[in-house]
Number of protein chains: 2
Amino acid sequence: MSDLNYFEDFTQGQTFDLGALAVSREDIVEFAAEFDPQPFHLTEEGGKASLLGGLAASGWHTGSLVMNLLATGLLNRSACRGSPGIDRLLWKRPVFPGDTLTATAEVLETRGLNSKPDLGLVTLRVTADNQSGVNVLLWESPILFGRREHGQ
Amino acid sequence: MSDLNYFEDFTQGQTFDLGALAVSREDIVEFAAEFDPQPFHLTEEGGKASLLGGLAASGWHTGSLVMNLLATGLLNRSACRGSPGIDRLLWKRPVFPGDTLTATAEVLETRGLNSKPDLGLVTLRVTADNQSGVNVLLWESPILFGRREHGQ
């Protein structure tokens, strides 16, 4: 028996601690320069002149950082088969240099696929809180997992 | 008069050509190693063993690449004030090494904010098609813009 998580191992309400990560000023600016070069993601001055109040991470950066925790903390320990997308994603508060984010995944729903009997869909709510316990990021996404009965 | 796009300049149905970008194997693997280290984003073998059919870009990578086109092609030429999130995001088809993506933004809705009279919300549908004209990515997101009457 494999120790991977298969579709059958997920149940509604189950939660997974995904660990924590620190966000540095260098990381914020480097990511923004490559992928999201808006003034409030590039310089302190640009951030202070914006609604964010200071240099803040691109939302795509925050999401990608938390994706890494989700992949290493859960998906790579599971029979993950990918995802068709994200149902909703909220950048609830700015992420500033020096912030530490702690992430959790919760199972919202599990659903077998009649069209693909070797797969099931698990909808996860992924959240990240900063060091003050303030929720900064939330997304809900259906993720495909292999079924144990069809597992390798 | 500023040549920036303010809230008042966006109208439902308006479209913006955001340009194109090429996705390399090195970029796919590098992004995945840092942010989404699942087997199908890291090696050709992992991709072939997956539903994706071959090494394919992380959806966060594809989104971030297209975000760069959105920022440089539209938001940085506009009085963009950031975004609270994404309403839905679909990774419709895999993005493979060597693919060229062409992106477009369409205005779905514009809405003034009673609570913040200097801002308005513009909901954009951002899409990216590959070199075969196949839609690979779609997202819909409300974005805040300053109003011209309050503009600098």
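This is a predicted model: local features need pLDDT of at least 70, side-chain atom pairs count only at pLDDT 80 or more; totals for chains, interfaces and linings use all residues.
Student: Thanks! How many helices and strands are there in chain A?

Tutor: Helices (H or I, at least four residues) and strands (E, at least two) are DSSP runs, numbered from the N terminus. The elements of chain A run β-α-α-α-α-β-β-β-β-β-β from the N terminus on. Counted up, chain A has four helices and seven strands.

Student: What share of the residues in chain A is buried?

Tutor: A residue is buried if 20 or more other C-beta atoms lie within 10 Å of its own, exposed if 12 or fewer, and partly exposed in between, with C-beta atoms placed from the backbone. Chain A has 152 residues, and its C-alpha trace spans about 55 × 30 × 20 Å along the principal axes. The buried share is 41%.

Student: Let's turn to the interface. Which element of chain A gives the most to the side that touches chain B?

Tutor: Two residues are in contact if their C-beta atoms, placed from the backbone, lie within 7 Å. By that rule, 31 residues of chain A are in contact with 31 residues of chain B. The elements of chain A that give two or more residues to this side are strand 2 (80–82), strand 3 (85–86), strand 4 (88–91) and helix 4 (59–73). With nine residues, the one that gives the most is helix 4 of chain A.

Student: How are the two copies related?

Tutor: Copies are superposed by least squares on the C-alpha atoms of residues with pLDDT of at least 70 in both. Chain A can be laid on chain B with an RMSD of 0.0 Å by a turn of 180° and a shift of 0.0 Å along the axis. The two copies are therefore related as by a two-fold rotation axis.

Student: Which residue of chain A comes closest to the rotation axis?

Tutor: Look at strand 4 of chain A, which has a covered face, A:Leu89 and A:Trp91. Its uncovered face holds A:Leu90 and A:Arg88. At 2.5 Å (C-alpha), the residue of chain A that comes closest to the axis is A:Arg88.

Student: And which residue of chain B stands opposite A:Leu90?

Tutor: Two strands pair if DSSP finds at least two bridges between them. Within chain A, strand 4 is joined to strand 7 (residues 135–146) by four antiparallel bridges, and A:Leu90 stands opposite A:Leu138 there. Two bridges also join strand 4 of chain A to strand 2 (residues 85–86) of chain B, again antiparallel. In that strand of chain B, the residue opposite A:Leu90 is B:Gly85.

Student: Which strands are at the edges of the six-strand open sheet?

Tutor: The order of this antiparallel sheet is 3(A)-3(B)-6(B)-5(B)-4(B)-1(B). Strand 3 of chain A pairs with strand 3 (residues 88–91) of chain B over two bridges, and A:Gly85 has B:Leu90 as its bridge partner. Seven bridges join strand 1 of chain B to strand 4 (residues 100–112) of chain B, with B:Asp17 opposite B:Thr104. Each pairing on one side only, the edge strands are strand 3 of chain A and strand 1 (15–22) of chain B.

Student: At about what angle does helix 4 of chain B run to strand 1 of chain B?

Tutor: Axes are lines fitted to C-alpha atoms, for helices over the stretch in contact, and angles run from 0 to 180 degrees between N-to-C directions. Helix 4 of chain B lies across strand 1, strand 3, strand 4, strand 5 (119–129) and strand 6 (135–146) of chain B. Its angle to strand 1 of chain B is about 125°.

Student: Last one: is B:Leu70 buried or exposed?

Tutor: B:Leu70 sits in helix 4 (residues 59–73) of chain B, where 13 of the 15 residues are buried. Not counting residues up to four places away in sequence, B:Leu70 touches B:Leu18, B:Leu75, B:Ala105 and B:Val126. Because it has 26 C-beta neighbours inside 10 Å, B:Leu70 counts as buried.

Definitions and conventions
Residues are numbered from 1 along each chain as its sequence is written. Chains are lettered from A and ligands numbered from 1 in the order in which they are written.
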